Structures are given as structure tokens and as C-alpha cells.
Amino acid sequence: MSVFRDVQQAAPVAVFKLTQDFNNDPFPNKVNLGVGAYRTDEGKPWVLPVVKKVEKLIVHDDRLNHEYLPILGLPEFRSSASKIALGDDSPAIREDRVGAVQCLGGTGALKMGAEFLRRFYNGNNNTKTPIYVSAPTWENHNGVFNNAGFEDVRPYKYWDAEKRGLDLAGFLSDLESCPERSIFVLHACAHNPTGTDPTQEQWKKIAEVMMRRKLFPFFDSAYQGFASGNLEKDAWAVRYFVSKGFEMFCAQSFSKNFGLYNERVGNLTIVARDSDNLKRVLSQMEKIVRITWSNPPSQGARVVSLTLTSPDLFSEWKDNVKTMADRVLLMRAQLRAKLEVLGTPGTWNHITDQIGMFSFTGLNPKQVEYMIKEKHVYLMASGRINMCGLTSKNINYVAESIHEAVTKVAAGYC
């Protein structure tokens, strides 16, 4: 009798199951619009040219070794990562109240932030503080905060299905009615999965309510530079909140904007009231990291830090990121145009109004099922597609498949 006899089979992670199903499909014209990674117009992964260049520099640097990094990570990585989030001229950085923790990807940064907040925010070991995540949100947000011990993870209104855009009134209403000192997980840019971000004026209204209600902002920044092609524009919300005096966390991922998916390069930027508060926070972060992964890996962090601290490499990286962002914008424009030429029922301006890697198409689960089973076009049940999965070779087929799904299957909210 096995000691593991009572272990139940876990449900597969949806996005990885989708990729597995795609790989097992023998259909020659199949299309994968589910995977959350950049693809070239040939449908291939892209190693950024600047990353290849920096990796060669690292290989030939005889000063480097494989000794342990400090518990909180590579110092130059942490500081340069925080600078691109907050800006080189950030008053908070100048005032020595910004610190960081190198983490295992953006997920690791969320995890470290969640573990700290559960232990020290709003009282010691407070599992009752409400955590608010957008409706909808990236599925891992719920799991990370639940796993950290928070017992009250709630949705806040975000997506207006009828108008296919931001439900600002609902969002502000939830901010006004939630318990004081609640924690709100905010997408810095390129909201996942909807691709719909607040405007700068809307962010100002959100910040005003959050400051008045004493709410804690925890930004998730996975797409800086990737959303619009402009680092400053994509960091505007984070920097605005800092300028208004918020103490806050910002989880950063370098998977997408550096193409370093399997290197797990993440950073948790901490903005505190003053340097004394920051010092104590970082001391406790060390304890949490020590019992989680002890200290982080160096390769990806070195690639990022060398790139961000060299003017020439930094400029080349920004060009690489813009190349990716521009391709996504092109695919958005072409998909919308093709659907409109086909006369696909509904309105499709939301395809180009949204931003970033993902688009919330508005297809309902039955239409998605039709797309997968009948057309071999793989996408998430929510109707979310990865725009990078579209190429000049498959975009006509995908547009025709969407048109067929919308016209043959019971209408969603397109």
C-alpha cells in the first residue's frame, strides 16, 4: 500500500495543457494562440540580439565565477531593475527609500511580496487582510496569495463585457467600499488577460481613492516596454503612484521584455516611507528568501544588469523591445481589418484599443471550443489570444475561423 495512496490527481495548468493538446494535434494548419511568449512572424521563439551579445561578454569574462550571490540578489541587477520601473530621476531612489529583492521571475516576486505582507502588513501574521485582484486577472494571482496564507482573495470590477473596455465606475466603487488597508494587485500595463489599461486620467482617479482609503498598491509589471514599445509610457502608473507618496510593492518580470523565459529573472521593488523602514523590510525579506530559495541564480540577472547599465546595450535593447511591440501592434491592426472585411458580426475595435501581448477577443467558451475542435486554432476558454501567435501566413485562416465561429455558434458579447 503506497504512502501516497490518498494523493488526488491535480487538474492540469490550463495554458500548458493547451500547448500539450496543440503539440499532439496532427492537423497541418493548426495555430497556437495560447502560449504566453513572443513569437516571430515565422512562429519561432526569438533570442534578442542584445541578449546574444551580452551572453558572449559573460562567457569571456574571466573575472566571473559561480559563487553564491547575496541572499537578496545581484546588487547591480536589483538597482538597475528598480530604476527602469521608477525612473533614473525618481525622488524615492534619491531619498534612499527604494530597495529590491531579486526573485525567480515575476511569479517569485509576487510570492515574496505576498509572504512578507502576510507576515507583517496590517499586523503580524495577518491572514484576514483582503487581497483584491481584477476580474478577470492572470490565474496565478489568486493562487500565489492563497498559497501565502491569505484567506480572503476577492475580485474587483475591471472588465466591462458589454462595452469591451474598462469598468472604471465599478472599479472605483469597489475601491470606495472595500475595507481600509486592503491590498490591491494592479497591472502596471498590458493588463493580462484583457489588454485593457486605464488612461492616465483614470489612473489619477484610482490613486486618489486608494490614498484616501489607505489601500496598499501591489503592482505587477510583466510587460514594461513590450506594451507600447516605450519604457517610460509603460511605467507611468507605477511612477505616478510613487510621486503621490504611496508605500508600495512592484513585482517585475524580465521574461517577456528580455525573452528570458526560462532564466526566471524577476525583481521585487519596494518603495518605503523612509530609509529606516526600508532597512527593516529588507532584513525580513532576507529571512523569507533564505527559507524559500536561499539565494538566486546569476545568469539571467547578469544579462539584464549588464544591458541596463551600459548605454549602448541599453539603447540596443530598447530597439529590440520595440521590434516585438511593433509586430504585436501590426498583428492587431491586421486581424481587426480582416474581421471587418469579412463582415464578422459585432464590433472589433477592441482588438486595436487593447494593448500588449494578449487580446480579449470576446469569443465565448462554446465559440472557443468550436475554434479548437473544428478549426484547430488553440486559445484559452476565456477567449484570450496571444497576438504573437498570429503570423502573415496564418492570420487569414485565423480571421476566417473566428468569423465562422461567431456566425455558426451562439453569440457571445462581440
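The model is predicted: local features need pLDDT of at least 70, side-chain atom pairs count only at pLDDT 80 or more, and totals for chains, interfaces and linings use all residues. Residues are numbered from 1 along each chain as its sequence is written, and side-chain values use heavy atoms, with hydrogens and water left out.

In domain 1, 17 residues are in contact with 19 residues of domain 2, contact meaning heavy atoms within 4.5 Å. According to the unreviewed UniProt entry, residues 29-402 carry the annotation "domain: Aminotransferase class I/classII large"; UniProt positions are given in the numbering used here, feature names are shortened, and annotations may be inferred rather than shown by experiment. This span is 46% helix and 15% strand, and its end C-alpha atoms lie 15 Å apart. Helices (H or I, at least four residues) and strands (E, at least two) are DSSP runs, numbered from the N terminus.

The axes of helix α5 (residues 105-120) and helix α12 (residues 275-290) come within 10 Å and cross at roughly 115°. The two helices are therefore roughly perpendicular, a term that covers angles of 65 to 115 degrees. Axes are lines fitted to C-alpha atoms, for helices over the stretch in contact, and angles run from 0 to 180 degrees between N-to-C directions. On the α5 side, M112, E115, F116, R119 and F120 meet V281, Q284, M285, I288 and V289 of α12.

Key
Angles under 35 degrees count as roughly parallel, over 145 as roughly antiparallel, 65 to 115 as roughly perpendicular and the rest as oblique.
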